[in-house]
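Biologist: I would like to learn how to read a structure like this one. Please take me through some of its features one by one.

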Amino acid sequence: MDKTIGKALFNSHSYIEYRKIVTDLLRENKSTGHEQSEALTNYSSLNETRMNRLDKTLTILPEVVTNLQALQNEYIWLVISEGWCGDAAQLLPIFDKMAEQSEGKIELRIVLRDDNEELMNHFLTNKAKSIPKLIVINKATSGALAHWGPRPYAAVELIANYKKEHGVIDETIKTDLQMWYLHDKGLSTQSELIDMMLDLDSVADD
């Protein structure tokens with residue numbers, strides 16, 4: 001596992017680098033990932049717009065900022081993503097701003113799922129390669145401590161309930177999910193992530 005994480009970190013990107021990769025591919029009418037299609041490119045383009053908006057409008061709660069800066073240890077958030085992923089577009093700007101507000105306690109690194117299959121296979125969700133997946137790594141040891149994703153608990157329930165009732169994940173629920181993210185304003189994600197980090201930090205201090 002440590003070797004897999006080390007390899008992924010070596011091939012990882014900063015948030016700015018990741019955004020540039022996605023943007024440059026869109027100029028060629030492509031998306032990230034080994035599979036290419038008009039639909040995936042369209043999703044990537046839509047996500048680009050979402051992320052641009054969130055980068056400008058998203059705010060991290062003051063109490064979350066205080067807790068981030070109070071962390072006693074240093075961590076890497078290694079995120080598995082792809083440009084076409086709607087959940088990633090909603091969540092990566094939150095990860096970036098939280099890392100930025102941590103004053104060096106958290107470093108955000110991003111890898112592409114299809115280029116890091118070995119890593120992805122260690123962090124499946126119900127045997128599926130669901131993304132984004134945030135892996136918390138101890139910066140001093142490079143060991144994985146925990147993981148989170150692919151979406152906040154309330155959003156997971158929204159999808160699960162719809163699938164239970166209708167048997168499929170279709171465009172209707174995808175639209176409903178994006179509306180959920182819009183109304184939530186990143187609050188659920190911030191809450192879940194800071195709770196996880198405080199728990200990890202307290203264990204590390206014992």
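**Reading the model**

Modeller: Start with E38, which is found in helix α3, residues 38–57. Helices (H or I, at least four residues) and strands (E, at least two) are DSSP runs, numbered from the N terminus. This is a predicted model, where local features need pLDDT of at least 70 and side-chain atom pairs count only at pLDDT 80 or more, while totals for chains, interfaces and linings use all residues. Residues are numbered from 1 along each chain as its sequence is written, and side-chain values use heavy atoms, leaving out hydrogens and water.

Biologist: Does E38 count as buried or exposed, and why?

Modeller: Buried means under 20% relative accessible area, exposed over 50%, and partly exposed in between, with a 1.4 Å probe and protein chains only. E38 has 65% relative accessibility, so E38 counts as exposed. N42 also lies in helix α3, and its 45% makes N42 partly exposed.

Biologist: How do I read aromatic pairs, and how many does the structure hold?

Modeller: A pair of aromatic rings is described by the distance of the centres and the angle of the planes. Rings of Phe, Tyr and Trp (its six-membered ring) pair if their centres lie within 6.5 Å; planes under 30 degrees apart count as stacked, over 60 as edge-to-face and the rest as tilted. The structure holds three such pairs. One of them is W77 with F95, edge-to-face at 6.2 Å centre to centre and 80° between the planes. This pair links distant parts of the chain, 18 residues apart: W77 is in strand β1 (residues 75–81) and F95 in helix α5 (residues 86–101). Both residues are buried.

Biologist: Which other ring does F95 pair with?

Modeller: F95 and W148 form an edge-to-face pair, with 6.0 Å between centres and 85° between planes. F95 lies in helix α5 and W148 in strand β4 (residues 144–148), so the pair ties together parts that are 53 residues apart in sequence. W148 is buried, as is F95.

Biologist: How is the packing of α7 and α8 described?

Modeller: Two packed helices are described by the angle between their axes and the distance between the axes. Axes are lines fitted to C-alpha atoms, for helices over the stretch in contact, and angles run from 0 to 180 degrees between N-to-C directions. Helix α7 (residues 153–166) and helix α8 (residues 171–184) pack at about 160°, with axes 11 Å apart. They are therefore roughly antiparallel (under 35 degrees counts as roughly parallel, over 145 as roughly antiparallel, 65 to 115 as roughly perpendicular and the rest as oblique).

Biologist: What about the backbone?

Modeller: Most residues other than glycine have a negative phi, and most peptide bonds are trans. Here a cis peptide bond joins I131 and P132, with omega about 5°. The bond from G149 to P150 is also cis, with omega near 15°. P150 sits in the loop between β4 and α7.
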